[in-house]
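Here is a short briefing to read alongside the model. Take a look at the structure first, and then we can walk through it together by topic.

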Amino acid sequence: MSASKATPWWLSGPALVLFTALLLVPLLLTTVLSFNAYDPATGVKAGEFTLEHYAHVFTDDYYYGIFWRTFWISGLVTLICVAVGAPEAYILSRMGKPWRSILLLVVLAPLLVSVVVRAFGWSMLLGPEGLVNSGLKLVGLRPVRMLYTEVAVVVALAHVMLPFMVIPVWTSLQKLDPGVENAALSLRASPFTTLRRIVLPQVLPGILSGSLIVFGLSASAFAIPGLLGGRRLKMVATVVYDEYLHELNWPLGAAIALTLLVANLVVMLSYNRLVEGRYKKSLG
Amino acid sequence: MRKNGPLALLFNALVIAFMLAPLLVVCVVAFTPENTLTLPTTEFSLRWFEAVFAHPDFIQSFWNSLWLALASATLATLLAVPAGMAITRYTFPGRGFLNGLFLSPLIIPHLVLGVALLRLFALVGGTGSFGWLVLAHALIVTPYTLRLVVAALVGFDRSAEQAALSLGASQTQMFTRITLPMILPGVTGGWLLAFINSFDEVTMSIFVTSPSTVTLPVRMYMYATESIDPLMAAVSALMVAVTAFAMIILDRVYGLDRVLVGR
Amino acid sequence: MSFLQLSNVTKFYGSTCAVSDMNLTVEKGEFVSLLGPSGCGKTTTLQMVAGFEAVSSGSVELDGRDITHAKANTRGLGIVFQTYALFPHMTVADNVSFGLEMRKMPKAERSERVKQALALVHLEALAERYPRELSGGQRQRVALARALVIEPPVLLLDEPLSNLDAKLREEMQFELRKIQRKVGTTTVMVTHDQSEAMSISDRVVVMEGGCATQIDNPHSVYEHPRTRSISTFVGKANLLTGHVVAGGAKTRVNLGSIEVDVDDAGFRHGTLVLLSVRPEKLQLREAGQGRLDGMVRERFFLGSQWLYTVNTALGELSVLSPNDGRPALDEGHLAGIDWPTHCTRLLPADEPALHSVEPA
């Protein structure tokens, strides 16, 4: 079926218009904005350009602390998700028919519930009068302060991010030939060796891809640090919110946001290329 | 595949409990008769649900969210179906770029999108406009619809279209009588997924909503940062109910497991 | 006057030639098969006749009308696709009536024609079912009914039986032929299965590398293959190398340890040739009573036949003997091998460069 060369462009035209107008243009505007000078008294100075916001972001201790906190929280969440999500996906994949799909859905369905609801749920569980502390009191232990500390943020983020780890690992496991494990066992490998040397290497791309997603999403998370971190525990996203809506220093907020975007893209694209290159050869 | 040992099953049970805990707590606490966040031990009360329905702000936000989700999901689907056809059926320079562009909202932090759109709205006078908000949400949910539409088109047996042509159908008749009905599960699934994601969205919305267009999740966020009482729990429980309802329909139409994992 | 005529039809994909100079005339009511391994260009040829692929050069004429560049939805041909391509969201009846709908036939007439078409393929009872509720064989028959109900000038079948299991395939082969005979539609079938092509076609077009290498009735293709690759594709063959010692009306060939006469003519003295003998043409006798002796190395039981591999001075020969009740020969048994002179063929030792032949 031959059609004119322009047909695909006509077909994707409407979407292209929307994306240009609401994605490309705003990003461009924001980039320009991040270079605009700002005066607390008069506001954004449209014609003047400066690098001071970026300098501020990269040199000021306050922001440095926030970037560092964001980084290690995201890293910790990623590690937890790998440690919990990958084995969970493996365990689920070995279950029998009805339970397998049901439990997989139970693990993944929370993805479709708003993050606000989930954050609120955690604040109820981890609060000073919350369920966890009530449980601790019941067994005679002292209540632990979790809400408005890094603990609450990490736990809630792990909860939200876990499905994003389970999905790619599960997908990798599905691609495994089920006979491979049995083949290894028949050749006298122990279950642990089989896991380590046969299953794990083939699941590694899924784990890596999941780690990228989890790290990126955690670093840019807003609602969870906002609701569970409190006013003192800022992460990148909540700081941007402050600059925009409280300080009204849009250029600075823009600079931070764009730094986050670039960092996200760089990590994802370069690591992706690295992983793809290594694994394309061995796995095809 | 060998069976899971008791240790594995215990681990699994803990993970399941972990995943369900906050949702269950929210739904249960919503029924408390007390004034504070406690578990209903003696009786189940609907007072907080009544309070929600008596709270005009929440009602307004609910309708905002609902109409917004309906409109943005529909717009996203109308854009994604032809775009999906273009990407899967034609080879042309720029195809990879378009595919990447249309999926990019998935890897661009919603925070950045919110900030960028705030800037745009300030420039074009879009703040406070429901229409611009629909466009913003459509942008965010289009990738979800596009992915499902593309999956439906890729797994499509083209010979059915050839059969229709050979039997005398015009290109339009072929599309409306054959192609569209055959990809309908993917299209509908995409619409539903878009609806759910728009309804749930908070991070970008918090930047671009205005007092008249506040969506439910944003309203909840603002409320929760100030006071924490069972009213929030009731609202949350209602949100879970709406999402669950949408999920059931999605499962019927497309298969929840297919949507989430892509089998 | 031929009904469907392909003249020098050629198809290029970029610089790759998929079909080269295809010439074929199909008479009205004829059943012709395009036979060849995958990649030989048979499906591409069919696609060009159907209008789904553009012709690079050459022409396609149907009943005198040039349809080379006509759009696929104007040619009015009946097509049965390899995957049947039934519309999954429509019932069997709706599937079959689709073509009539496109021709704006009134409803009453349509349902009458649909009933007749379904009766032809014995599926009247399943009219209201959906394709997913049908078995593979039933789906295939729906596809056939859908293609025939529009009373097309030509019926095109793209590997119609390849998705069926072996037993069903056999049944459907003959069913297909019966229906075609009954309705009388000119038919072109594409297949890679030689037994399928041979058993039901009036003529077979053997294709290789984009060219039609032989166009003949099935018996001639089997008994008189033009090249070595045709002879090994359309059945099994024992190929013995030798050189010609005397030409003329009959040819005498020296195979090394023996010399044989062959009925094929036109080979010059000294030419290197291949003597082709089909396994079922070889006869096993008492040792010393044949043209040469050999020892049975292996035997396989195939149900209706025995397959022996026999070691001889000319090399290893495959022999197929009917399972006619007599005891089979044991491994290690010494036997005499004989064959009727007229059952051998001479083929050129080198493969001729591929080019399309004119229809026989």
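Let's begin where chains A and B meet: 69 residues of chain B are in contact with 70 residues of chain A, two residues being in contact if their C-beta atoms, placed from the backbone, lie within 7 Å. Please keep in mind that this is a predicted model, in which local features need pLDDT of at least 70 and side-chain atom pairs count only at pLDDT 80 or more, while totals for chains, interfaces and linings use all residues. Residues are numbered from 1 along each chain as its sequence is written, and chains are lettered from A and ligands numbered from 1 in the order in which they are written.

**Chain B against chain A**
- Helix 1 (residues 6-29) of chain B gives the most to the side that touches chain A, with 14 residues; helices (H or I, at least four residues) and strands (E, at least two) are DSSP runs, numbered from the N terminus.
- That side of chain B has 56 nonpolar, 8 polar and 5 charged residues. Here Ala, Val, Leu, Ile, Met, Phe, Trp, Tyr, Cys and Pro count as nonpolar, Asp, Glu, Lys and Arg as charged, and the others, Gly among them, as polar.

**Chain B against chain C**
- On this side, 14 residues of chain B are in contact with 18 residues of chain C.
- Helix 7 (158-166) and helix 8 (171-200) of chain B are the elements that give two or more residues, and helix 7 gives the most, with 6 residues.
- By class, the chain B residues here divide into 8 nonpolar, 5 polar and 1 charged.

**Chain C overall**
- Chain C has 8 helices and 20 strands, and its C-alpha atoms fill a box of roughly 75 × 45 × 35 Å along the principal axes.

**A sheet in chain C**
- An open sheet of 5 strands in chain C has the order 15-19-16-17-18, with antiparallel pairing; two strands pair if DSSP finds at least two bridges between them.
- Its edge strands are strand 15 (283-285) and strand 18 (315-322) of chain C.
- Strand 17 (residues 305-312) pairs with strand 18 of chain C over 8 bridges, and C:Thr309 has C:Ser318 in strand 18 as its bridge partner.

**C:Met90**
- C:Met90 sits in the loop between strand 6 (78-80) and helix 2 (92-102) of chain C.
- C:Met90 is partly exposed because 17 other C-beta atoms lie within 10 Å.

How values were computed: Buried ≥ 20, exposed ≤ 12 C-beta atoms within 10 Å, placed from the backbone.
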